[in-house]
Amino acid sequence: MTTTEKIAQQVRKDIIWSIYHAKSGHPGGSLSCSDILTVLFHRVMSPNKSNKNRLSDDYFILSKGHATPALYAVAASKGLIRRADLKTLRAINSPLQGHPDVQHTPWVDVSTGSLGQGFSVAVGIAKGLQLKNSLKRVFTLLGDGELQEGQLWEGAMFAGHHKLSQLTAIVDYNKLQSDATNKQICNLEPLADKWRTFGWNVLAVDGHDHQQLLTTLMADTASTQPKVIIAHTVKGKGVDYMENMPLWHGSVTLSEQQYIDAMTSLGCSLAELEEYQNV
Amino acid sequence: MSKAPTLVGQQSDSLREAFGKVISECANSDPKVLVLDADVAGGTGAHHFRRQHEKRFIQCGIAEQNMIGVAAGLATVGFKPFVTTFATFMLRGLEQIRLSIAYSQKNVKLIASHPGLDVGPDGASAQCIEDIACMRALPGMTVLSPCDAWEVQAATKTLLNYPGPAYMRTGRSPCPNVFTQEPDFNIGKGRLLQDGNTVTLISCGVMTHRALAASKELAAQGVSVRVIHMPTIKPIDSVLIIQAANETSAIISCEDHNVIGGLGSAVAEVLAESPSVPLFRMGLNETIGRSGEPDELATFYGLDKESIKSKVFQVIEKVGK
């Protein structure tokens, strides 16, 4: 395993651990984006040189806000928050809200949790950077079900029209949404064509292949278009009984046995499980 | 070749035009000011800004939900975005206003033209009578409804240096001036425009000049009515309301809005928690508007000067002086 692969596996364990303690949360879509977020924050985005209270000098918006356990786990892996705090996810006095929340975690740039909204904010940040002639970049992670929101395509049209080349959207394309597959609920295909006709530069990757993710996220397309990376992923990635099952979209309570099974599936040894217990 | 058509409506003295002019002027000395539009700049006053500050005018197309999110993003990187559209279309992005702006505490100003019956002939679909209620319910949202061009000018300058989210109603139709020069503007402060000792009229927006005109005619008939103009509906000036409750026998609220959730409700909330007097609410009474000229509509729906005078007499008869 490479360094980022190891971190991503840790992120997945932390996701399960935090959702288990929270007794609610969205494991499926958090696990599917763990590799994407790990590569993004550990290899692609600028370090937080100008503000140590942020994850990066670049901007990131988690538009699929329900995957916030993944964002918190990555923030812990970057040392921005204490790993022990992950255990307080969704608790009454915890800063770690059920969806990203500016008022509790000022290091997120906008509160999300209503699909489609974070994307427009990312588009606005990109427009602002363009106006300022800033070289900073903005990344946003979208769910696939989220692409059914009309606002998303309003924003896509705007970004294409305004040639917001500093904007990269990543679609966590795990093919499942809350109730069933995208195909059963409201088909998204041909997805790449849709983005292309809205004026975007479209790339596709295996969203669990770190090398591919790195190459694609770093790719200087020398284009005036915004970039979208369609990342093919597996919902529930790494936890055998959750993979490709809409049931684990959330919000779910994990029993102790389900927690142990999930952690074991992620390669957690007994000793490691004990360590988690003692945090 | 035929000449280009003339746009309907005299725009010269309207609150929307006043806003467009003052924001353009303010932007000369504040490079952070941006104006966002959803293809209605000709109707919101934003055309003045577009002409003078082309590069800082962000055309978002007819897509209000995205426009509101874009504004939140622009505020995130330090700009002062002013979102402009019709009040009705602002509501199209209500949920975006809720989460991306209010909950996220973004420095975004929402400037809504075309409120209430003041819209006139476009009819009910364009006459927004629910905006104050919706915006007032959002935590952290300041809500303004100035009464004339001078006050719009003052309020806009205040908003420029106010750091949080705010919603301001302007107006479509030419509107008589209440002030003779630019007044001071303090968010949260009402204005005693006319002292009086029988009942108190509390009004906002275009209803203020009507309330004031009614009070002058009543004074000539020997009836002394107090007039409070309430340009900030949230946070409401409870001190001025309680004082009116202590010193006059009843309060009549006047607004170009549904009687549920607007100025009348805000006044009622204050009175419900203090030593109180009867409150009578004038506004759209759970009905929607229709086409017609603004003054005709005001008469039709009982919101013109004469209706206010009649209401004052009715109230005095009911509660005494």
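Chain B contains 13 helices and 12 strands, where helices (H or I, at least four residues) and strands (E, at least two) are DSSP runs numbered from the N terminus. What you have on screen is a predicted model, in which local features need a pLDDT of at least 70, side-chain atom pairs count only at pLDDT 80 or more, and totals for chains, interfaces and linings use all residues. Residues are numbered from 1 along each chain as its sequence is written, while chains are lettered from A and ligands numbered from 1 in the order in which they are written.

Let us begin with confidence. The pLDDT, the predictor's confidence in each residue from 0 to 100, averages 95 in chain B, and 96% of the residues score at least 70. For the complex, the predictor gives an ipTM of 0.97 and a pTM of 0.96.

Next comes the overall form of chain B. Its C-alpha trace spans about 60 × 50 × 35 Å along the principal axes. The radius of gyration is 19 Å, which agrees with the value near 20 Å that a compact globule of 321 residues would have; this radius is taken over C-alpha atoms, and the globule rule is 2.2 Å times the number of residues to the power 0.38. Of the 321 residues, 57% count as buried. Here a residue is buried if 20 or more other C-beta atoms lie within 10 Å of its own, exposed if 12 or fewer, and partly exposed in between, with C-beta atoms placed from the backbone. Two residues are in contact if their C-beta atoms, placed from the backbone, lie within 7 Å. Among contacts in chain B between residues at least 6 apart in sequence, 80% join residues at least 24 apart.

Chain B can also be read by domain. Its domain assignment gives domain 1 (15-169) and domain 2 (191-319), with bounds that come from an automatic or database domain assignment. The centres of the two domains, taken over C-alpha atoms, are 26 Å apart. Their contact takes 25 residues from domain 1 and 30 residues from domain 2. On the domain 1 side, α7 (131-136), β5 (142-144) and α8 (149-160) of chain B each supply at least two residues. By class, that side has 13 nonpolar, six polar and six charged residues. Ala, Val, Leu, Ile, Met, Phe, Trp, Tyr, Cys and Pro count as nonpolar, Asp, Glu, Lys and Arg as charged, and the others, Gly among them, as polar.

Gln52(B) is partly exposed because 16 other C-beta atoms lie within 10 Å. Between Gln52(B) and Asn66(B) there are 14 residues in sequence and 25 Å in space, C-alpha to C-alpha.

Now turn to chain A and its strand β5 (residues 227-232), where five of six residues are buried. Two strands pair if DSSP finds at least two bridges between them. Strand β3 (residues 167-173) of chain A runs parallel to β5(A), joined by six bridges, and Val171(A) has Ile230(A) as its bridge partner. Six bridges also join β4 (residues 201-206) of chain A to β5(A), again in parallel, with Asp206(A) opposite His232(A).

Finally, look where the chains meet. Here 22 residues of chain A are in contact with 22 residues of chain B. On the chain A side, α5 (117-132) and α6 (150-161) each supply at least two residues, and α5(A) gives the most, with 11 residues. By class, this side has nine nonpolar, nine polar and four charged residues.
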